[in-house]
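The following exercises are to be worked with the sequence and the coordinates at hand. Each task is followed by a solution in steps.

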Amino acid sequence: MVTLAWSSSSWLRSAIGTTNDNSRPSDEGTTMLVVAQKKTKKTRKIILKEDVTELGKKGQVMDVKAGYYRNFLLPMGKAQIITPLLLKEMRMEEERIVAEKKRVKEEAQQLALIFETVGAFKVKRKGGKGKQIFGTVTAQDLVDIIKAQLSRDVDKRIISVPEIRETGEYIAELKLHPEVTARVRVNVYAN
């Protein structure tokens, strides 16, 4: 608690107002009690423009201390104070991203349907004893066959092929999207 004291003066009396205009200023000091309030926390509502370690990810809305924003986030270009216009732009961008993800997923589902309705992909290999073949059938072999038969470019990293060392029918998986996987049949035969 802080106490401030000063002697009364004419400007103080005019500000407070006195009932007796003929009264003379007394020599007694007037004591005024001022209670200091606790300092309020100064925070800023911001949005992160990029990932910040120990704080959050890009696009996240949060409250940070004003000094942290002013001295670190703002000069480094890592955050921006939220405004109604910025919130509107964020919502529009978020809707656009959701629509794009939905479109990509639908394309992946259509491609998976195409792969699954094609039937089996035939792979020729030089034969050995019995059902054995020389070498193995790899993901790159399957990519080449898909490109030749369907005219589609497929990345070999999305193809999961079991170990194929004999003739027969196998199932390979193509992970076209995190939520969409196509299963294709591979017939291996010796020539």
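Buried means under 20% relative accessible area, exposed over 50%, and partly exposed in between (1.4 Å probe, protein chains only). Helices (H or I, at least four residues) and strands (E, at least two) are DSSP runs, numbered from the N terminus. This is a predicted model, in which local features need pLDDT of at least 70 and side-chain atom pairs count only at pLDDT 80 or more, while totals for chains, interfaces and linings use all residues. Residues are numbered from 1 along each chain as its sequence is written, and side-chain values use heavy atoms, with hydrogens and water left out.

**Exercise 1. Determine the strand order of the open sheet and its pairing.**

Step 1. Two strands pair if DSSP finds at least two bridges between them.

Step 2. The open sheet has four strands in the order β6-β9-β8-β7, and its pairing is mixed. β6 and β7 are at the edges with a single partner strand each, so one side of each lacks a neighbour in the sheet.

Step 3. Nine bridges join β8 and β9 in the antiparallel sense; here L174 is opposite A182 of β9. Six bridges join β6 and β9 in the parallel sense, and R125 has A190 in β9 as its bridge partner.

**Exercise 2. State which helices pack on the sheet, and assign the faces of β6.**

Step 1. Contact means heavy atoms within 4.5 Å. Axes are lines fitted to C-alpha atoms, for helices over the stretch in contact, and angles run from 0 to 180 degrees between N-to-C directions.

Step 2. Helix α3 packs on the sheet and touches β6, β8 and β9, its direction making about 25° with that of β9. Helix α4 lies across β6, β7, β8 and β9 and runs at about 120° to β6.

Step 3. On β6, the covered face consists of F121, V123 and R125, whereas A120, K122 and K124 form the uncovered one.

**Exercise 3. Identify the largest nonpolar core and the elements that supply it.**

Step 1. A nonpolar core is a set of buried Ala, Val, Leu, Ile, Met, Phe, Trp, Tyr and Cys residues joined through side-chain atoms within 4.5 Å. In soluble globular proteins, nonpolar side chains tend to be buried together.

Step 2. The largest such core has 24 residues, and F115, L142, L174 and V188 have the most contacts inside it. At least two of its residues come from each of α3 (84-118), β6 (120-125), α4 (139-150), β8 (168-177) and β9 (180-190).

Step 3. A second, separate core has eight residues, including L48, V52, Y69 and L73.

Step 4. Beyond its neighbours within four places in sequence, L142 contacts F121, I159, V161, A172, V184 and V186.

**Exercise 4. Is K78 buried or exposed, and which residues does K78 contact?**

Step 1. K78 is in the loop between α2 (66-76) and β5 (79-81).

Step 2. K78 counts as buried because its relative accessibility is 18%.

Step 3. With neighbours within four places in sequence set aside, its contacts are I47, L48, K49, E50, V52, F72 and L73.

**Exercise 5. Describe the backbone and exposure of E54 and S151.**

Step 1. E54, in the loop between β3 (43-48) and β4 (61-65), has a positive phi near 65° although E54 is not glycine. Its relative accessibility of 85% makes E54 exposed.

Step 2. S151, in the loop between α4 and β7 (159-160), is likewise a residue other than glycine with a positive phi, about 55°. S151 is exposed, at 65% relative accessible area.
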